[in-house]
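The points are grouped by topic and may be read alongside the sequence and the coordinates.

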Amino acid sequence: MGCNHEKVICLNPYELIRKYQCEACREVMMCECEQEFAIKYLPHQLDFAQELGTRNRLPVTIGFQKHVCNKCKGLPEMITPVAEGYGRTTKIVRYYWREIFFETTRRFGEWLNGRDNIDWLVAVSKYRDVHKEIEKKVIEEIKKLHQVAPKYTFQEESQQEIITKYRVEIINLDGCYVKQDSGRVKLFKDGALFSVEQYVTEHFKEQGYKVLFTESVPFHVLFGVLMWSLIQHHSDPKNRPVGFGDRNAFDKGVPGDIVWAILPEDFGTSEYAERRARKIAEHLNALPNDKDELLWTFDHWIEPSAPLRQYLWAHRQNDIQITRKIVEILPIKAIIKILNYLAGDYWHRFCGWPDLLVYNDHNFFFVEVKSSGDSLSEDQKNWIRGNSEHLQLPFKLIKVHKKKVIGLGQE
């Protein structure tokens, strides 16, 4: 008698065509409700599943089966929001990403039918404006539907909950805001215009501090330079070559060669950190505990770390210079904590780092800057959680409130 696959596990909820493994017979399958769409639009995704975390590729053994997914079983659907990023800042887009993709692709395919006999993926680039317009309409429809019949419950903590729970120190400043047609926020002080970050920088300089603009990328550089020899080491059995486009050529807007880096299949996941815990600890313990030696190591490893840094989009010279300054400023213990934190779950921890590093000869602290009415992003909330639970770096949130609003040419 055949298995009825009563209990299945979704191997990776972030795959567009989800694959499931039966706990009883261990066969890997897909749900029949997605068969027509999958065969028409994503046939290249039907042979293998990539397990979340380990990134192991498992062959799909029994194709499409009936009543496999939660929806077909009459169960609540999995809540799997994607991280914030370009084009996906709203909760609707982050939570309904699969629904948006499926419906946009269907409608675009219908629009394309009879117009152009090319693959729909190629057509997305050729008819980008049409695709964007269809996607926009789909998002608006899903937004309206969510208001009356929500499919997902947004489960994220509010800004105030984060501030209270993690005891975030807030510094309130007043500023004179300037109206601009561009929509960019500027503040007026001493006859000059400043961005919000520059305005806060001036505030700390007046108190005798120095300020370094940071955000996230310099910490990607730090990780790439000081961890490359571990991550790419030949002793890791999961290492394999990965090819990607030359980031420098991309920055220049010209065609580039393929860049190859050696990376483990589970790179950037908590599973990688667990699997390589002993090696990570050994590597971090072997890093120099003298600042001059650590700076020499950083300089010496810039070149061999280039492939990994390119993979991480941590390749620009300006970011390297900022990172070296971070190494100069921070205590070595803090640097080790940052490396260990990123190694623990890189893809969930690499975004949301603060805007500024404020320092003098005696102390330092990180600063996230928010203009009046602005709020923390989900990545920034995640960093605050991680800082409280793991990093424990000194941190302040600066709010610049509107004391007055003027137009250009007024004082």
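I163 is situated in helix 6, which spans residues 159–165. The model described here is predicted. In that model I163 has a relative accessibility of 8%, and because the limit for a buried residue is under 20%, I163 counts as buried.

**I163 and L376**

- Leaving aside neighbours within four places in sequence, I163 is in contact with V168, I170 and L397.
- The C-alpha atoms of I163 and L376 are separated by 9.9 Å, although the two residues are 213 residues apart along the chain.
- L376 is placed in the loop that runs between strand 14 (364–371) and helix 17 (378–391).
- With a relative accessibility of 6%, L376 also counts as buried.
- When residues up to four places away in sequence are not counted, L376 touches Q159, E368, K370, K381, I384 and L397.

**The protein as a whole**

- The protein has 411 residues, of which 46% count as buried.
- Its secondary structure comprises 17 helices and 15 strands.
- Along the principal axes, the C-alpha atoms fill a box of roughly 75 × 55 × 45 Å.
- Among contacts with a separation of 6 or more, 70% are between residues 24 or more positions apart.

**Nonpolar cores**

- In soluble globular proteins, nonpolar side chains tend to be buried together.
- The largest nonpolar core contains 60 residues, and F223, L330 and I338 touch the most other members.
- Helix 8 (residues 217–231) supplies the largest share of this core, with ten residues.
- F223 is in contact with W228, I231, F267, L312, L339, L342, A343 and Y346, leaving aside its neighbours within four places in sequence.
- Another core, of 31 residues, lies apart from the largest one and has V28, M30, F37 and V138 among its members.

**Packing of helix 8 and helix 15**

- The axes of helix 8 and helix 15 (residues 332–344) are 10 Å apart, and the two helices pack at an angle of about 90 degrees.
- Helix 8 and helix 15 are therefore roughly perpendicular to each other.
- On the side of helix 8, the contact involves F219, L222, F223, L226 and M227; these meet I335, I338, L339, L342 and A343 in helix 15.
- The residues of this contact divide into ten nonpolar, no polar and no charged.
- F223 and I338, which take part in this contact, are also among the residues that touch the most other members of the largest core.

**Packing of helix 3 and helix 5**

- Helix 3 (residues 97–112) and helix 5 (residues 128–148) have axes that come within 9 Å and cross at roughly 135 degrees.
- Because of this angle, helix 3 is oblique to helix 5.
- The crossing of the two helices is right-handed.
- Helix 3 contributes E99, I100, E103, T104, R107, F108 and W111 to the contact, and helix 5 contributes V130, H131, I134, E135, V138, I139, E141 and I142.
- The residues of the contact between helix 3 and helix 5 comprise eight nonpolar, two polar and five charged.

**Helix 7 and residues with positive phi**

- Within helix 7 (residues 196–206), the buried residues are V196, Y199, V200, T201, H203 and F204.
- G208 follows helix 7 and has a positive phi, near 90 degrees.
- Most residues other than glycine have a negative phi.
- R26 is not a glycine, yet its phi is positive, near 70 degrees.
- R26 lies in the loop between strand 2 (20–22) and strand 3 (28–31), and is partly exposed with a relative accessible area of 46%.
- E215, likewise not a glycine, has a positive phi of about 60 degrees.
- E215 is located in the loop between strand 10 (210–213) and helix 8, and is partly exposed, with a relative accessible area of 46%.

How values were computed. Residues numbered from 1 in each chain as written. Predicted model: local features only at pLDDT ≥ 70, side-chain atom pairs only at ≥ 80, totals over all residues. Heavy atoms only, no water. Axes fitted to C-alpha atoms, helices over the stretch in contact; angles between N-to-C directions. Helix = DSSP H or I, 4+ residues; strand = E, 2+ residues; numbered from the N terminus. Parallel < 35°, antiparallel > 145°, perpendicular 65-115°, else oblique. Left-handed = near helix turned anticlockwise from the far one by under 90°. Contact = heavy atoms within 4.5 Å. Nonpolar A, V, L, I, M, F, W, Y, C, P; charged D, E, K, R; others polar. Core = buried A, V, L, I, M, F, W, Y, C linked by side-chain atoms within 4.5 Å. Buried < 20%, exposed > 50% of the residue type's maximum accessible area, 1.4 Å probe, protein only.
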